[in-house]
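Subject: Handover of a structure, with notes

Dear colleague,

Please find the sequence and the structure below.

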Amino acid sequence: MTDTIIRNEDLRYMLGERRHELQSAVQSRLSDARTDQHKMIGDELEHSDADTQEGLELSLLEMRAETLTRIDEALVRLDAGMYGSCYECNSEIPQRRLQALPFAVRCQACEQRRELAKGHARLNAQHHSGFSLFPDVVRL
Ligand SMILES: [Zn+2]
């Protein structure tokens, strides 16, 4: 029980740090964008370049905003005691894994099993396509 509390505090801290990083990145970009707009008036020649650049930064910004939302959701799940356990087998996802993949919903074993299942599905699709280098018959 105490372990869970400590773990949750660690995870909350980890998510909070990430949230803070993203938020300041988004905010500094937003204030930069405002300054840029001022500079750009009467600078029509560089407009197309600036547009491309702005498009790129906008999608980056959107990505960060989306990540922020996901962190918020993760924090809500953490409060509800639903963060950090595997969706498939309900076991605790190791903290190390969550640090690398804060939005992981499966433990490594389940994730691997899933990848494997996907691979098998692909293989089976090949078997049934009519032409295969490894016909089922050979294995009988
Ligand atoms: Zn699992």
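A nonpolar core is a set of buried Ala, Val, Leu, Ile, Met, Phe, Trp, Tyr and Cys residues joined through side-chain atoms within 4.5 Å. Buried means under 20% relative accessible area, exposed means over 50%, and partly exposed lies in between (1.4 Å probe, protein chains only).

This is a predicted model, in which local features need pLDDT of at least 70 and side-chain atom pairs count only at pLDDT 80 or more, while totals for chains, interfaces and linings use all residues. Residues are numbered from 1 along each chain as its sequence is written, and side-chain values use heavy atoms, with hydrogens and water left out.

The core

The largest nonpolar core has 15 residues, of which Leu11, Leu15, Tyr83 and Leu98 touch the most other members. Helices α1 and α2 each supply at least two residues of this core, and α2 gives the most, with five residues. Helices here are DSSP runs (H or I, at least four residues; strands are E, at least two), numbered from the N terminus. In soluble globular proteins, nonpolar side chains tend to be buried together.

Leucine 98 deserves a separate note. Leaving aside neighbours within four places in sequence, leucine 98 is in contact (heavy atoms within 4.5 Å) with Arg7, Leu11, Met14, Tyr83, Gly84, Ile93 and Ala104. Arginine 7 belongs to helix α1 and counts as buried, at 9% relative accessibility. The side chain of arginine 7 also makes a polar contact with the side chain of glutamate 92, at 3.5 Å. A polar contact is a pair of N or O atoms within 3.5 Å; within protein, one must be able to donate a hydrogen and the other to accept it, and residues adjacent in sequence count only if both atoms are side-chain atoms.

The zinc site

Which residues hold the zinc ion as protein donors? They are Cys86, Cys89, Cys107 and Cys110, each through its SG atom, lying 2.3 Å from the ion. Donors are N, O and S atoms within 2.8 Å of the metal (3.2 Å for Na, K and Ca); water is not among the atoms, so sites may look incomplete. The site is tetrahedral, with angles of 104 to 116 degrees among the four donor atoms; four donors count as tetrahedral if all angles lie between 85 and 135 degrees. In sequence, the donor residues are spaced C-x2-C-x17-C-x2-C. Cysteine 86 is buried, at 2% relative accessible area, whereas cysteine 89 is partly exposed, at 40%.

Salt bridges

Side chains of opposite charge can pair when their charged atoms come close. A salt bridge is a side-chain nitrogen of Lys or Arg within 4 Å of a carboxyl oxygen of Asp or Glu, and the whole structure holds seven.

Glutamate 9 pairs with arginine 12, their closest N and O atoms being 3.6 Å apart. These two residues are three apart in helix α1 (residues 2–40), so about one helical turn separates them.

Aspartate 72 forms a salt bridge with arginine 19, at 2.5 Å between the closest N and O atoms. Because aspartate 72 lies in helix α2 (residues 47–79) and arginine 19 in helix α1, the pair ties together parts that are 53 residues apart in sequence.

Arginine 106 and glutamate 88 also meet in a salt bridge, at 2.9 Å from N to O. Arginine 106 is in the loop between α3 (95–100) and α4 (108–127), and glutamate 88 in the loop between α2 and α3.

Definitions and conventions: Four donors count as tetrahedral if all angles lie between 85 and 135 degrees; four count as square planar and six as octahedral if opposite donors are over 155 degrees apart and all others between 65 and 115; anything else is irregular.
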